[in-house]
Amino acid sequence: MRINQKLQDEIRAHAERDYPAEACGVVIKSTAGREYVPCVNLATTPREHFQIDHKDMARAEDRGEVLAIIHSHPDKAPAPSMADRVSCELHELPWGIVAWPSGDFEWFKPSGFQAPLLGRDFSHGLLDCWAACRDWYAREAGLQLPNFERSDLWWEQKDGPSLYEDNFAATGFYQVSEAKRGDMLVLQIPTPGRECYFPNHAVIYLGDEPSLISESAPKLGGSGPFIYHHMPGRLAAREIYGWSMANRVKLILRHKDYRP
(Lines give C-alpha, C1' and ligand atoms only; values in the text may rest on other atoms or scores of the structure.)
Protein backbone atom coordinates (compact mmCIF):
# COMPACT_ATOMS: atom_id res chain seq x y z
CA MET A 1 0.00 0.00 0.00
CA ARG A 2 1.24 3.50 -0.79
CA ILE A 3 0.51 6.62 1.26
CA ASN A 4 1.70 10.17 0.71
CA GLN A 5 4.47 11.90 2.64
CA LYS A 6 2.00 13.91 4.73
CA LEU A 7 0.39 10.75 6.14
CA GLN A 8 3.79 9.18 6.74
CA ASP A 9 4.86 12.27 8.68
CA GLU A 10 1.66 12.16 10.78
CA ILE A 11 2.22 8.49 11.61
CA ARG A 12 5.84 9.12 12.59
CA ALA A 13 4.80 12.07 14.74
CA HIS A 14 2.28 9.86 16.56
CA ALA A 15 4.94 7.19 17.10
CA GLU A 16 7.22 9.86 18.58
CA ARG A 17 4.49 11.20 20.91
CA ASP A 18 3.63 7.76 22.29
CA TYR A 19 7.22 6.47 22.52
CA PRO A 20 8.30 4.30 24.35
CA ALA A 21 4.79 2.78 24.12
CA GLU A 22 3.42 1.44 20.85
CA ALA A 23 1.33 3.96 18.95
CA CYS A 24 -1.65 2.72 16.93
CA GLY A 25 -4.18 4.07 14.50
CA VAL A 26 -5.87 3.54 11.15
CA VAL A 27 -5.77 4.97 7.65
CA ILE A 28 -9.23 5.78 6.35
CA LYS A 29 -10.73 6.97 3.08
CA SER A 30 -13.09 9.86 3.84
CA THR A 31 -14.77 12.50 1.73
CA ALA A 32 -11.58 14.55 2.14
CA GLY A 33 -9.37 11.73 0.87
CA ARG A 34 -7.01 9.46 2.77
CA GLU A 35 -6.51 10.39 6.43
CA TYR A 36 -4.55 8.99 9.35
CA VAL A 37 -6.61 8.64 12.54
CA PRO A 38 -4.56 8.17 15.75
CA CYS A 39 -6.14 5.83 18.30
CA VAL A 40 -5.60 5.12 22.00
CA ASN A 41 -3.60 1.99 22.86
CA LEU A 42 -5.51 0.10 25.58
CA ALA A 43 -3.00 -2.76 25.97
CA THR A 44 -1.96 -3.53 29.55
CA THR A 45 1.63 -3.83 28.29
CA PRO A 46 1.75 -0.96 25.76
CA ARG A 47 5.51 -1.11 25.29
CA GLU A 48 5.17 -4.59 23.77
CA HIS A 49 1.61 -4.72 22.40
CA PHE A 50 -1.24 -2.60 21.15
CA GLN A 51 -5.01 -2.79 21.38
CA ILE A 52 -6.97 -0.14 19.52
CA ASP A 53 -9.68 1.49 21.62
CA HIS A 54 -13.03 0.24 20.28
CA LYS A 55 -14.52 3.73 20.59
CA ASP A 56 -11.72 5.24 18.52
CA MET A 57 -12.18 2.55 15.87
CA ALA A 58 -15.93 3.16 15.77
CA ARG A 59 -15.38 6.90 15.31
CA ALA A 60 -12.89 6.24 12.50
CA GLU A 61 -15.37 3.91 10.77
CA ASP A 62 -18.05 6.61 11.04
CA ARG A 63 -15.75 9.02 9.20
CA GLY A 64 -14.88 6.69 6.33
CA GLU A 65 -13.71 3.31 5.09
CA VAL A 66 -10.84 1.79 7.06
CA LEU A 67 -8.03 1.01 4.61
CA ALA A 68 -5.18 -0.08 6.89
CA ILE A 69 -4.11 -0.74 10.49
CA ILE A 70 -1.03 1.11 11.73
CA HIS A 71 1.19 0.67 14.77
CA SER A 72 4.73 1.41 15.89
CA HIS A 73 7.62 -0.77 17.05
CA PRO A 74 9.53 1.14 19.74
CA ASP A 75 13.28 0.44 19.58
CA LYS A 76 12.72 -2.41 17.11
CA ALA A 77 12.76 -2.97 13.39
CA PRO A 78 9.42 -2.60 11.55
CA ALA A 79 9.37 -6.30 10.59
CA PRO A 80 6.02 -7.87 11.57
CA SER A 81 5.99 -10.21 14.54
CA MET A 82 4.14 -13.52 14.44
CA ALA A 83 1.31 -11.88 16.39
CA ASP A 84 1.21 -9.03 13.85
CA ARG A 85 0.88 -11.49 10.99
CA VAL A 86 -1.92 -13.44 12.71
CA SER A 87 -3.78 -10.20 13.50
CA CYS A 88 -3.39 -9.01 9.91
CA GLU A 89 -5.12 -12.19 8.72
CA LEU A 90 -7.99 -11.62 11.16
CA HIS A 91 -8.48 -7.99 10.13
CA GLU A 92 -8.24 -8.81 6.39
CA LEU A 93 -6.57 -5.43 5.84
CA PRO A 94 -3.06 -4.20 5.02
CA TRP A 95 -0.92 -3.34 8.04
CA GLY A 96 1.77 -0.69 8.33
CA ILE A 97 4.51 -0.68 10.96
CA VAL A 98 6.75 2.27 11.74
CA ALA A 99 9.90 1.74 13.77
CA TRP A 100 10.76 4.48 16.23
CA PRO A 101 13.07 6.31 16.61
CA SER A 102 14.48 5.18 13.24
CA GLY A 103 11.26 6.07 11.38
CA ASP A 104 11.60 3.10 9.01
CA PHE A 105 8.30 1.90 7.54
CA GLU A 106 7.13 -1.53 6.39
CA TRP A 107 3.84 -2.70 4.86
CA PHE A 108 2.42 -6.20 4.72
CA LYS A 109 -0.96 -7.67 3.87
CA PRO A 110 -3.00 -10.85 4.46
CA SER A 111 -1.33 -13.83 2.81
CA GLY A 112 -2.91 -16.89 4.43
CA PHE A 113 -0.40 -17.03 7.30
CA GLN A 114 -1.05 -19.47 10.16
CA ALA A 115 1.11 -19.60 13.27
CA PRO A 116 2.64 -23.08 13.70
CA LEU A 117 1.58 -25.11 16.71
CA LEU A 118 5.18 -25.47 17.87
CA GLY A 119 7.47 -22.49 18.39
CA ARG A 120 4.80 -19.80 18.15
CA ASP A 121 5.38 -16.55 20.03
CA PHE A 122 3.17 -15.61 22.98
CA SER A 123 0.73 -12.71 22.78
CA HIS A 124 -2.19 -12.74 25.21
CA GLY A 125 -5.60 -12.83 23.58
CA LEU A 126 -4.15 -13.80 20.22
CA LEU A 127 -1.40 -16.41 20.60
CA ASP A 128 -1.91 -17.70 24.14
CA CYS A 129 -2.86 -20.96 25.84
CA TRP A 130 -6.50 -20.91 24.65
CA ALA A 131 -5.44 -20.08 21.10
CA ALA A 132 -2.96 -22.98 21.20
CA CYS A 133 -5.67 -25.38 22.37
CA ARG A 134 -8.17 -24.12 19.77
CA ASP A 135 -5.61 -24.54 17.01
CA TRP A 136 -4.59 -28.01 18.22
CA TYR A 137 -8.21 -29.19 18.13
CA ALA A 138 -8.77 -27.59 14.70
CA ARG A 139 -5.63 -28.99 13.05
CA GLU A 140 -5.22 -32.28 14.87
CA ALA A 141 -8.89 -33.27 15.30
CA GLY A 142 -10.94 -31.13 12.89
CA LEU A 143 -12.87 -29.46 15.74
CA GLN A 144 -13.67 -25.75 15.41
CA LEU A 145 -13.97 -24.11 18.83
CA PRO A 146 -15.15 -20.53 19.45
CA ASN A 147 -12.87 -17.74 20.51
CA PHE A 148 -13.54 -15.48 23.49
CA GLU A 149 -12.52 -11.89 24.04
CA ARG A 150 -10.30 -11.81 27.10
CA SER A 151 -8.37 -9.09 28.85
CA ASP A 152 -4.89 -9.75 30.15
CA LEU A 153 -4.67 -10.78 33.82
CA TRP A 154 -8.42 -11.51 34.02
CA TRP A 155 -7.64 -14.23 36.57
CA GLU A 156 -6.36 -11.57 39.02
CA GLN A 157 -9.75 -9.82 39.16
CA LYS A 158 -11.46 -11.29 42.23
CA ASP A 159 -14.94 -10.15 41.19
CA GLY A 160 -14.42 -10.92 37.50
CA PRO A 161 -15.45 -13.96 35.46
CA SER A 162 -13.76 -17.35 35.66
CA LEU A 163 -13.52 -17.80 31.90
CA TYR A 164 -12.73 -21.51 31.70
CA GLU A 165 -15.15 -22.57 34.45
CA ASP A 166 -17.92 -20.35 33.07
CA ASN A 167 -17.60 -21.39 29.41
CA PHE A 168 -16.39 -24.98 29.09
CA ALA A 169 -19.85 -26.59 28.98
CA ALA A 170 -21.16 -24.20 26.32
CA THR A 171 -18.05 -24.92 24.26
CA GLY A 172 -18.78 -28.66 24.18
CA PHE A 173 -16.59 -29.88 27.05
CA TYR A 174 -17.59 -31.94 30.07
CA GLN A 175 -15.61 -32.86 33.17
CA VAL A 176 -13.95 -36.24 33.67
CA SER A 177 -11.87 -37.63 36.51
CA GLU A 178 -8.93 -39.11 34.57
CA ALA A 179 -7.17 -37.66 31.54
CA LYS A 180 -6.92 -39.34 28.15
CA ARG A 181 -5.10 -38.16 25.05
CA GLY A 182 -6.92 -35.15 23.57
CA ASP A 183 -8.38 -33.93 26.84
CA MET A 184 -7.88 -30.32 27.91
CA LEU A 185 -6.49 -29.72 31.37
CA VAL A 186 -7.01 -26.34 33.03
CA LEU A 187 -4.47 -25.33 35.64
CA GLN A 188 -4.26 -22.49 38.14
CA ILE A 189 -0.82 -20.88 37.84
CA PRO A 190 -0.26 -17.56 39.65
CA THR A 191 2.39 -15.04 38.73
CA PRO A 192 4.88 -15.14 41.64
CA GLY A 193 3.89 -12.64 44.30
CA ARG A 194 0.44 -11.97 42.80
CA GLU A 195 -3.07 -13.25 43.39
CA CYS A 196 -4.68 -15.81 41.09
CA TYR A 197 -8.36 -16.42 41.77
CA PHE A 198 -9.31 -18.70 38.88
CA PRO A 199 -7.94 -21.53 36.72
CA ASN A 200 -6.06 -19.67 33.99
CA HIS A 201 -3.88 -21.99 31.90
CA ALA A 202 -5.15 -24.61 29.43
CA VAL A 203 -3.04 -27.48 28.05
CA ILE A 204 -3.68 -30.44 25.77
CA TYR A 205 -2.96 -33.80 27.36
CA LEU A 206 -1.05 -35.99 24.89
CA GLY A 207 -0.51 -39.08 27.03
CA ASP A 208 2.40 -41.20 25.83
CA GLU A 209 2.01 -40.07 22.16
CA PRO A 210 3.39 -36.55 21.59
CA SER A 211 3.44 -36.67 17.77
CA LEU A 212 1.54 -34.22 15.57
CA ILE A 213 -0.19 -34.94 12.28
CA SER A 214 -0.64 -31.35 11.06
CA GLU A 215 3.04 -30.32 11.04
CA SER A 216 6.46 -31.87 11.35
CA ALA A 217 7.70 -32.17 14.92
CA PRO A 218 10.94 -33.47 16.42
CA LYS A 219 10.70 -36.81 18.13
CA LEU A 220 10.61 -36.52 21.92
CA GLY A 221 12.53 -38.86 24.17
CA GLY A 222 11.05 -40.58 27.19
CA SER A 223 7.76 -42.32 27.83
CA GLY A 224 5.74 -39.28 28.90
CA PRO A 225 3.07 -38.44 29.70
CA PHE A 226 3.31 -35.31 27.56
CA ILE A 227 1.33 -32.10 27.18
CA TYR A 228 1.13 -29.39 24.51
CA HIS A 229 0.77 -25.83 25.82
CA HIS A 230 1.79 -22.20 25.55
CA MET A 231 3.05 -20.33 28.61
CA PRO A 232 3.53 -16.53 28.77
CA GLY A 233 7.01 -15.47 27.75
CA ARG A 234 7.76 -18.83 26.15
CA LEU A 235 7.30 -20.52 22.79
CA ALA A 236 4.52 -23.08 22.43
CA ALA A 237 5.91 -26.57 23.05
CA ARG A 238 5.35 -30.17 24.02
CA GLU A 239 6.70 -31.05 27.44
CA ILE A 240 6.71 -33.78 30.07
CA TYR A 241 3.62 -33.61 32.25
CA GLY A 242 5.24 -33.70 35.65
CA TRP A 243 4.18 -33.35 39.26
CA SER A 244 4.49 -29.56 39.36
CA MET A 245 1.93 -29.22 36.57
CA ALA A 246 -0.36 -32.04 37.71
CA ASN A 247 -0.55 -30.49 41.18
CA ARG A 248 -2.11 -27.35 39.70
CA VAL A 249 -4.87 -29.00 37.66
CA LYS A 250 -8.37 -27.75 38.52
CA LEU A 251 -10.36 -29.14 35.57
CA ILE A 252 -10.00 -32.20 33.33
CA LEU A 253 -12.20 -31.60 30.29
CA ARG A 254 -13.18 -33.84 27.39
CA HIS A 255 -14.86 -32.55 24.25
CA LYS A 256 -18.04 -34.36 23.27
CA ASP A 257 -17.00 -34.48 19.58
CA TYR A 258 -13.34 -35.39 19.97
CA ARG A 259 -12.35 -38.68 18.39
CA PRO A 260 -8.78 -39.99 18.77
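Which residues does Tyr-174 touch, not counting residues up to four places away in sequence?

## Tyr-174 and its contacts

In this predicted model, Tyr-174 touches Phe-168, Ile-252, Leu-253, Arg-254, His-255 and Lys-256, with residues up to four places away in sequence left out of the count. Tyr-174 itself belongs to strand S6, which covers residues 173–175.

Ile-252 is 78 residues from Tyr-174 along the chain, yet the C-alpha atoms of the two are separated by 8.3 Å. The relative accessible area of Tyr-174 is 39%. Buried means under 20% and exposed over 50%, with partly exposed in between, and Tyr-174 is therefore classed as partly exposed.

## The chain as a whole

The protein chain contains 6 helices and 11 strands. Along the principal axes, its C-alpha atoms fill a box of roughly 60 × 40 × 30 Å. Of the 260 residues in the chain, 47% are buried. Contacts between residues at least 6 apart in sequence can be split by separation: 62% of them join residues at least 24 apart.

The accessible surface of the chain is about 13600 Å², and carbon and sulfur atoms account for 50% of that area.

## The five-stranded sheet

An open sheet is built from 5 strands in the order S2-S1-S3-S4-S5, and its pairing is mixed. Strand S2 (33–39) and strand S5 (105–108) are the edge strands; each has a single partner strand, so one side of each has no neighbour in the sheet. From one strand to the next, the twist averages 25 degrees.

Strand S1 covers residues 24–30. S1 and S2 run antiparallel and are joined by 7 bridges. The two strands form a hairpin, with 2 residues between them. Within this pair, Val-27 stands opposite Tyr-36 in S2. S1 is also antiparallel to S3, here through 6 bridges, and Ile-28 faces Val-66 of S3. Because 6 of its 7 residues are buried, S1 is largely enclosed by the rest of the structure.

The pairing of S3 with S4 is parallel: 6 bridges join strand S3 (residues 65–74) to strand S4 (residues 95–100). Ser-72 stands opposite Val-98 in S4.

## Helices across the sheet

Helix H2, made of residues 54–63, lies across S1, S2 and S3, and its direction is at about 15 degrees to S1. Helix H3, made of residues 82–91, lies across S3, S4 and S5 and runs at about 150 degrees to S4.

## Cis peptide bonds

Most peptide bonds are trans. The bond that joins Tyr-19 and Pro-20 is cis, with omega at about 15 degrees. Pro-20 sits in the loop between helix H1 (5–18) and S1.

Another cis bond runs from Gly-224 to Pro-225, where omega is near 5 degrees. Pro-225 is located in the loop between strand S8 (201–207) and strand S9 (226–229).

## Positive phi values

Glu-92 has a positive value, near 60 degrees, although it is a residue other than glycine. Glu-92 lies in the loop between H3 and S4. Its relative accessibility is 65%, so Glu-92 counts as exposed, the cut-off for that class being over 50%.

Leu-153 is likewise a residue other than glycine with a positive phi, in this case near 65 degrees. The loop that holds Leu-153 runs between helix H4 (129–141) and helix H5 (163–167). With a relative accessibility of 24%, Leu-153 counts as partly exposed.

Terms used: Residues are numbered from 1 along each chain as its sequence is written. This is a predicted model: local features need pLDDT of at least 70, side-chain atom pairs count only at pLDDT 80 or more; totals for chains, interfaces and linings use all residues. Side-chain values use heavy atoms; hydrogens and water are left out. Two strands pair if DSSP finds at least two bridges between them. Helices (H or I, at least four residues) and strands (E, at least two) are DSSP runs, numbered from the N terminus. Axes are lines fitted to C-alpha atoms, for helices over the stretch in contact, and angles run from 0 to 180 degrees between N-to-C directions. Contact means heavy atoms within 4.5 Å. Buried means under 20% relative accessible area, exposed over 50%, partly exposed in between (1.4 Å probe, protein chains only). Accessible areas come from the Shrake-Rupley method with a 1.4 Å probe; for residues, only the protein chains shown count as cover.
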